[in-house]
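Please consider the following structure together with its sequence.

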Amino acid sequence: MTDTATTRKTPVKAAVASFMGSAVEYYDFFVFGSAAALIFPHVFFPSADNAALVMSFATFAFAYVARPVGAIFLGHFGDRIGRQKVLLFTLLLMGVSTFIIGCLPSFDQVGWLAPALLVLCRLMQGLSAAGEQAGASSLTLEHAPDDRRAFFTSWTLTGTQGGQILAALIFIPVVALPDDIKYSWGWRVPFWLSAIVVIVAYIIRRSLHETPAFEDAKARGQIARLPLVPLLRDHWCDVVRVVLCATIAAVSTVFGNLALAYGKEVGLAESLTLWLVVVANIVALGTQPLFGRLADRIGRKPVYVYGALASAALMPFYMLSMSSGNTLLIFGLAILTFSFGYAAANAVWPSFYGEMFSTRVRFSGMAIGTQLGFLMAGFAPTIVTALGGVAEGGWVVISVFTAVVAVVAAVSALTARETRDVPTERLGHRADAKVLARA
């Protein structure tokens, strides 16, 4: 096989590996989110009331507290020893912690030790997820041709949607079980099944070699000993920008987790709310790569800003439709809001954020910036529930919250430079030149 042929096939292989890895990681992550909304208040807390739901959503949020810590740790090693090795570690850590959750005792068995153990496992999930998307996006971006970076990196987040689809599909039969089965062993099965998909993804990811950009930087002696130092010294503006832009991820948790609880409150069947997530994410599997291709044609900023503002504009209509009793209308607005609104920003951010940084600090920059921004996504269900968002008329609270987050992300994105036409080796070039001059 010629070098040309190998180079031509590398982006596809990288995209497939990123898709599979993200699907596994976020299957595990979203299984927890669905369980936090529908199962954990009954299993890990003394009474299944609104207070239990708030505490359950708080356990969901704990992963987002761990993620910035994991971002610093995993970002350091991702920029020091390579993207591929760190991604193998994150995959195994997520799989082990998810499987253990399925084995935990209930509140009736061990009291408050049960939610404490749940939080510990959730922290392990958070540490793992901190490096997954940043690492997979960096790896795919650095394998992709210059004129198709947004398209190939969009598959990282498309894998995330695949994980959410799988999680919801598996939870649909679980919520249909009789309560005595559902709240005893039935809910545990989705967590145990993660072991199978982790093994498959590990085999695929293990066969992928390190990126040419990283190997070239290593050969030139341009690997930073402490990537955090040049990152914060020379790329701090981009880190802050990514933090603010990454708050857009709260739209996903509102749609995929909080809406489950709100839909149940206004009378929708649990299985129907899960099907809303499944269908919208299935459609997003097709729209996100298209948004990636569009970003390669017209730029990252316009596609991203559209996605953020469309999320803000459409969310109130989607939430209102849940009380309409019109199933077709609810599904239509779910698809419009998520698959043709939020999906635009979701597809583009791996290239948009990653292209703000040079190779030597890209993993760290993306990981730290996104995970700090994702704190808003993690605490969104808890915040909005506490404000009355999961109650009759709570659509107003949910819609206002979504609008604020989306506008902050859009305005922050407008301050960024457009990198569509910048060659990969020159991304972050000016700031990186200052770093190398001081080294």
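**An aromatic cluster and its surroundings**

Phe-32, Phe-40, Phe-44, Trp-187 and Phe-191 are linked into a cluster by ring pairs. Here rings of Phe, Tyr and Trp (for Trp, its six-membered ring) pair if their centres lie within 6.5 Å, and the planes count as stacked when under 30 degrees apart, edge-to-face when over 60, and tilted for the rest. The model is a predicted one, in which local features need pLDDT of at least 70 and side-chain atom pairs count only at pLDDT 80 or more, whereas totals for chains, interfaces and linings use all residues. Residues are numbered from 1 along each chain as its sequence is written, and side-chain values use heavy atoms, with hydrogens and water left out.

The structure holds 20 aromatic pairs. In the pair of Phe-44 and Trp-187, the ring centres are 5.7 Å apart and the planes stand at 75°, so this pair is edge-to-face. Phe-44 belongs to the loop between helix 2 (40–43) and helix 3 (50–80), and Trp-187 to the loop between helix 8 (179–182) and helix 9 (189–206), so the pair ties together parts that are 143 residues apart in sequence. Helices (H or I, at least four residues) are DSSP runs, numbered from the N terminus. Trp-187 also forms an edge-to-face pair with Phe-191, with 5.7 Å centre to centre and 80° between the planes.

Buried means under 20% relative accessible area, exposed over 50%, and partly exposed in between (1.4 Å probe, protein chains only).

Phe-191 is one of the buried residues of helix 9, which are Pro-190, Phe-191, Ser-194, Val-198, Ala-201 and Arg-205. At 1.5 Å a residue, the 18 residues of helix 9 should span 26 Å, and its end C-alpha atoms are 27 Å apart, which agrees. The expected span is 1.5 Å times one less than the number of residues in the helix. The same check holds for helix 6 (residues 113–143), whose 31 residues should span 45 Å and whose end C-alpha atoms are 46 Å apart, which agrees. Helix 6 is mostly covered, with 24 of its 31 residues buried.

Leaving aside neighbours within four places in sequence, Thr-98 is in contact (heavy atoms within 4.5 Å) with Asp-28, Gln-125, Phe-191 and Ser-194. Thr-98 lies in helix 4 and counts as buried because its relative accessibility is 0%. Phe-89 lies in helix 4 (residues 83–101) as well, but at 45% relative accessibility it counts as partly exposed.

Thr-158 is buried, with a relative accessible area of 0%, and Thr-160 counts as buried at 4%. What does each touch, not counting residues up to four places away in sequence? Thr-158 touches Phe-19, Leu-285, Gln-288 and Pro-289, whereas Thr-160 touches Ser-22, Ala-23, Tyr-26, Phe-30 and Gln-133.

The largest nonpolar core has 116 residues, and those with the most contacts inside it are Phe-40, Ile-248, Tyr-304, Tyr-318 and Tyr-353. Helix 16 (residues 327–354) gives the most to this core, with 14 residues. Such a core is a set of buried Ala, Val, Leu, Ile, Met, Phe, Trp, Tyr and Cys residues joined through side-chain atoms within 4.5 Å. Beyond four places in sequence, Ile-248 touches Tyr-304, Ala-308, Tyr-342, Ala-345, Tyr-353, Val-405, Ala-406 and Ala-409.

Finally, confidence should be considered. The chain averages a pLDDT of 84, and 95% of the residues score at least 70; pLDDT is the predictor's confidence in each residue, from 0 to 100. Over residues 1–9 pLDDT stays under 50, and the model has 2 contacts beyond four places in sequence for this stretch. Residues 431–439 also have pLDDT below 50, with 14 contacts in the model beyond near neighbours in sequence.

Conventions:
Helix = DSSP H or I, 4+ residues; strand = E, 2+ residues; numbered from the N terminus.
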